[in-house]
There are 2 protein chains.
Amino acid sequence: MSRNLDVVFYPRSVALLGASKDVSFYINPISSSRLREKFFLVNPRVSEVLGLKCYPSILDVPEPVDYAIFAVPARVVPEALEDCGRKGVRVVHIYSSGFSETGLEEGQLLEEEVLKIARSYGIRIIGPNCMGVYCPESGLFFSHDLPSESGPVAFISQSGGQAVNFVFEGLWRGFRFSKVVSYGNALDVDFVELVDYLAEDPKTSIIGAYVEGVRKTEGLLETLRRVSEKKPLVVLKGGRTEDGAQAAASHTGVLAGSTKIWEGLIKQVRAVSVETFEDMADFIVGFLYAFPPEGRGVSIVTTSGGSAVVHSDLCVKEGLKVPRFSEETQAELRKIIPVAGASIRNPLDAWMAFQSGILPEALNIVSRDTNIHSLIVEVQPAGFKVYTARDPNVVDKFTFILGETCKKIMSEQGKPTMIAVTKSIYPEFEAEIRSKFQSMNLPVYQSIYEAAKALSKLYLYKQNRETQR
Amino acid sequence: MSRNLDVVFYPRSVALLGASKDVSFYINPISSSRLREKFFLVNPRVSEVLGLKCYPSILDVPEPVDYAIFAVPARVVPEALEDCGRKGVRVVHIYSSGFSETGLEEGQLLEEEVLKIARSYGIRIIGPNCMGVYCPESGLFFSHDLPSESGPVAFISQSGGQAVNFVFEGLWRGFRFSKVVSYGNALDVDFVELVDYLAEDPKTSIIGAYVEGVRKTEGLLETLRRVSEKKPLVVLKGGRTEDGAQAAASHTGVLAGSTKIWEGLIKQVRAVSVETFEDMADFIVGFLYAFPPEGRGVSIVTTSGGSAVVHSDLCVKEGLKVPRFSEETQAELRKIIPVAGASIRNPLDAWMAFQSGILPEALNIVSRDTNIHSLIVEVQPAGFKVYTARDPNVVDKFTFILGETCKKIMSEQGKPTMIAVTKSIYPEFEAEIRSKFQSMNLPVYQSIYEAAKALSKLYLYKQNRETQR
């Protein structure tokens with residue numbers, strides 16, 4: 001069954017009904033993608049939009065159409081759908097809103113009518129009230145400025161805005177997407193079917209999901225369990241509180257369901273539960289560019305004693321431990337780091353290690369400590385800014401040496417090593433440092449706290465999988 | 001007693017002992033400040049540093065010196081302090097480390113010796129092992145790139161790195177400082193004396209404190225209670241966990257003390273407790289540019305339904321409520337906002353309100369709802385980027401109109417109205433929008449969640465003060 005969704009992600013041709021410059025976020029990117037020769041605009045009122053030819057009806061399009069995007073008023077959707085049926089269209093993505101999410105009976109009835117027509121022609125529906133599909137590999141886009149290169153992350157979302165935002169979050173955080181689906185009211189293609197398909201998708205290695213509620217609960221438990229066995233499924237459940245559930249009802253017209261049932265379900269299927277999109281991105285970065293630690297012991301490496309203390313507290317809050325280094329580790333560190341102004345017990349607070357070039361050696365010593373299962377290295381861009389005046393290549397050299405050291409620790413010691421490039425008043429300089437580490441495929445975070453949250457969730461994920469077996 | 005610290009913040013002349021380009025972060029900014037004519041470098045080994053004359057000893061400085069910064073090795077501090085005593089120096093800030101924070105007995109003994117000499121001459125000591133004082137009004141600086149303009153925030157910190165970072169955080173978040181003190185090992189001038197002074201300081205309207213432990217607990221409770229009566233005291237306690245307390249012991253050589261005692265103390269004196277520096281900045285922004293809400297009911301105004309749902313959950317998690325608008329409010333909103341694609345129940349999820357210019361009217365309607373005590377308006381820079389192509393002044397117009405509306409709601413309805421300018425892939429465009437709102441003295445956050453945390457803490461703060469009376 002899940003194979004049937006291939007046409008949703010890899011249509012051979014696409015039509016946009018209701019083409020106008022108001023939906024330039026579909027027209028511009030798709031007309032520049034590999035689908036460009038097979039992308040047809042439809043609008044009976046105009047002959048051209050943004051310099052592209054418009055057909056009066058989908059029935060006038062001279063070639064077969066696999067996939068149609070509806071940007072037409074809700075009331076004309078049934079008629080347009082009939083036309084699509086006659087044309088042999090196989091998937092219709094309804095961008096338009098004005099259906100069950102309004103809470104009005106007419107919206108509900110309209111959805112029922114649409115589903116009936118779709119079923120009669122064997123058309124699959126994405127939506128209504130959603131952004132649809134982003135699949136850079138096939139050429140489907142749903143916003144300006146989305147990356148045209150693919151990556152291993154799939155994301156499915158009942159929210160259109162968050163589908164777009166999460167792609168941007170990935171851009172910022174250093175990961176790309178295989179497939180993203182904003183499926184809105186989920187009249188036909190729903191959560192369960194999508195994750196089932198993505199579990200088998202060879203281009204996807206991790207699945208994120210933003211879900212407010214599920215219409216079809218048949219097979220939910222078994223499917224999610226099967227999916228989680230294959231790849232991590234990271235779920236952000238919207239509408240966990242009563243107020244949130246009310247907002248969800250207004251948003252996508254689905255009942256958010258009991259929080260307790262959902263929490264139990266997520267636990268039972270061993271999915272990863274997160275509360276914010278930032279936490280989802282944190283986990284994805286850790287999974288893609290690092291791996292779960294073997295234990296809770298983390299070493300914090302920083303240039304600020306205050307950061308060391310506050311982040312020790314926050315690591316413990318997240319269920320990690322910041323154990324004191326062994327006597328041997330401390331003795332080895334003492335050989336290369338003078339005592340004044342440094343702490344060599346864990347956290348390793350050693351400004352001079354960053355300054356003098358002995359940081360790789362110090363990290364190697366720390367990584368051999370058996371109490372330590374992971375490392376977080378804090379890099380404060382503001383602290384480096386001053387050195388660029390003396391040596392313009394300082395960032396290149398520093399990021400390369402630190403990056404290579406982290407990679408070696410991960411591959412040789414099997415200990416995830418995260419880099420926290422902190423927020424600074426030099427956004428471009430900070431972005432430069434972050435990008436350099438990201439281009440080395442390293443796990444980059446904006447704070448030690450973020451990295452700690454990721455490590456904690458990765459550890460829990462690993463433990464869950466081990467119990468499973 | 002507290003008035004005695006005036007000379008700490010407003011010295012008439014400053015000397016730097018151990019001047020070298022390694023401490024250019026003192027030399028450059030102070031030699032460009034209003035103290036420049038009264039700033040003297042001391043170093044027996046060189047005659048010039050960074051183009052400025054060096055005296056061999058402080059005793060050779062031709063004028064009286066109020067305040068000396070020690071950037072000399074720990075072992076020579078006693079001798080240098082004797083010289084300062086003879087010179088009539090009144091405050092010595094010891095930047096140098098290598099004292100009790102090393103955990104070694106010799107560091108402890110050295111501190112005792114230093115304190116004895118200081119007492120014999122009546123010299124006050126800041127530190128050792130710290131950045132010292134930043135007071136833009138008088139010309140004292142402890143880092144490059146610190147703002148030279150003053151503001152109403154005082155911050156005292158046992159961590160030097162975090163003292164500097166928090167000034168940068170303020171720069172980013174739109175607030176400035178009256179006085180910042182990094183006081184390190186707190187051998188002499190300590191937490192209690194500093195907050196006591198700042199409570200009376202007319203240039204300070206809110207005090208932030210990062211504290212790991214307190215050496216002198218005499219009068220602690222009474223002082224903090226007195227301070228909290230006058231202005232908000234926002235405390236981040238480092239070393240709340242066992243691992244964090246160990247890190248604190250390595251950092252500033254003080255025992256972090258029991259978490260429970262501290263939590264009890266902070267509660268008893270009605271200080272505001274935070275866990276991260278970001279949370280501290282959130283509260284400060286809310287206090288300076290808004291005020292506590294009269295109740296827990298918040299309205300979220302956004303352009304994304306997913307954001308509406310997730311943030312409703314997060315608001316509830318933080319102790320707020322997202323109540324449904326009254327029937328009257330919904331009816332009024334319905335008059336100006338078409339139903340499709342919008343939710344008008346709270347959250348108000350209305351892209352077209354942002355797009356069509358009716359946002360101010362919608363906010364005014366919402367602000368009159370008696371269930372609503374505060375508003376958070378989410379602005380997604382990515383969503384606006386596209387309009388700049390059509391109208392280059394769109395940002396100016398939009399921020400001005402929205403900003404004026406928020407100000408009016410605050411002044412006329414008495415409801416704090418926060419603006420969340422979300423993180424985007426256009427950092428400069430985002431910074432431009434943020435700065436425009438900040439320059440209007442509006443409370444700007446990076447997410448609805450951050451704004452909600454601030455509102456929640458502001459509400460708690462207000463409740464605590466009311467119980468107090």
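Two residues count as being in contact if their C-beta atoms, placed from the backbone, lie within 7 Å. With that in hand, take helix α6 of chain A: its buried residues pack against β9 (153–157), β10 (177–182), β11 (206–211), α7 (220–230) and β12 (233–237) of chain A. Keep in mind that this is a predicted model. Here's a quick tour of the rest.

**Chain A as a whole**

- Chain A has 18 helices and 19 strands.
- Its radius of gyration is 25 Å, close to the 23 Å that the globule rule gives for 469 residues, so chain A is as compact as a globular protein of that length.
- If you box up the C-alpha atoms of chain A along the principal axes, you get roughly 80 × 50 × 35 Å.
- Of the 469 residues in chain A, 57% are buried.
- Take the contacts in chain A between residues at least 6 apart in sequence: 73% of them join residues at least 24 apart.

**Helix α6, tucked in**

- Helix α6 of chain A covers residues 191–200, and eight of its 10 residues are buried, so it is largely enclosed by the rest of the structure.
- The buried ones are Phe191(A), Val192(A), Glu193(A), Leu194(A), Val195(A), Tyr197(A), Leu198(A) and Ala199(A).

- Chain A has an open sheet of six strands with mixed pairing, in the order β15-β16-β14-β17-β18-β19.
- At the edges sit β15 (343–344) and β19 (444–445) of chain A, each pairing on one side only.
- β15(A) runs antiparallel to strand β16 (residues 348–349) of chain A, and two bridges join them.
- Look for Ser343(A) to spot one bridge: its partner in β16(A) is Asp349(A).
- Helix α11 (residues 305–317) of chain A lies across β14 (298–302), β15, β16 and β17 (374–379) of chain A, and it runs at about 155° to β14(A).
- Helix α14 (residues 359–367) of chain A also packs on the sheet, where it touches β14, β16 and β17 of chain A. The direction of α14(A) makes about 155° with that of β17(A).

**Two copies, one axis**

- Rotate chain A by 180°, with 0.0 Å of shift along the axis, and it superposes on chain B with an RMSD of 0.0 Å.
- The two copies are thus related as by a two-fold rotation axis.
- Pro427(A) is the residue of chain A that comes closest to the rotation axis, with its C-alpha at 3.7 Å.

**Where the chains meet**

- The contact takes 58 residues from chain A and 57 residues from chain B.
- On the side of chain A that touches chain B, the elements giving two or more residues are α5 (160–173), α8 (242–252), α11, α15 (381–388) and α17 (427–439) of chain A.
- α11(A) gives the largest share of that side, nine residues.
- By type, the residues on that side of chain A split into 22 nonpolar, 27 polar and nine charged.
- In chain A, 98% of the interface residues are also interface residues in chain B, so the copies meet through the same surface.

**A closer look at Asp66(B)**

- You'll find Asp66(B) in the loop between β4 (52–55) and β5 (67–70) of chain B.
- Asp66(B) is partly exposed, with 17 other C-beta atoms within 10 Å.
- Asp66(B) and Ala15(B) are 51 residues apart along the chain, and their C-alpha atoms are separated by 8.2 Å.
- Setting aside neighbours within four places in sequence, Asp66(B) is in contact with Val7(B), Pro11(B), Arg12(B), Ser13(B), Val89(B), Arg90(B) and Val91(B).

Key
Residues are numbered from 1 along each chain as its sequence is written. Chains are lettered from A and ligands numbered from 1 in the order in which they are written. This is a predicted model: local features need pLDDT of at least 70, side-chain atom pairs count only at pLDDT 80 or more; totals for chains, interfaces and linings use all residues. Helices (H or I, at least four residues) and strands (E, at least two) are DSSP runs, numbered from the N terminus. The radius of gyration is taken over C-alpha atoms; the globule rule is 2.2 Å times the number of residues to the power 0.38. A residue is buried if 20 or more other C-beta atoms lie within 10 Å of its own, exposed if 12 or fewer, and partly exposed in between; C-beta atoms are placed from the backbone. Copies are superposed by least squares on the C-alpha atoms of residues with pLDDT of at least 70 in both. Two strands pair if DSSP finds at least two bridges between them. Axes are lines fitted to C-alpha atoms, for helices over the stretch in contact, and angles run from 0 to 180 degrees between N-to-C directions. Ala, Val, Leu, Ile, Met, Phe, Trp, Tyr, Cys and Pro count as nonpolar, Asp, Glu, Lys and Arg as charged, and the others, Gly among them, as polar.
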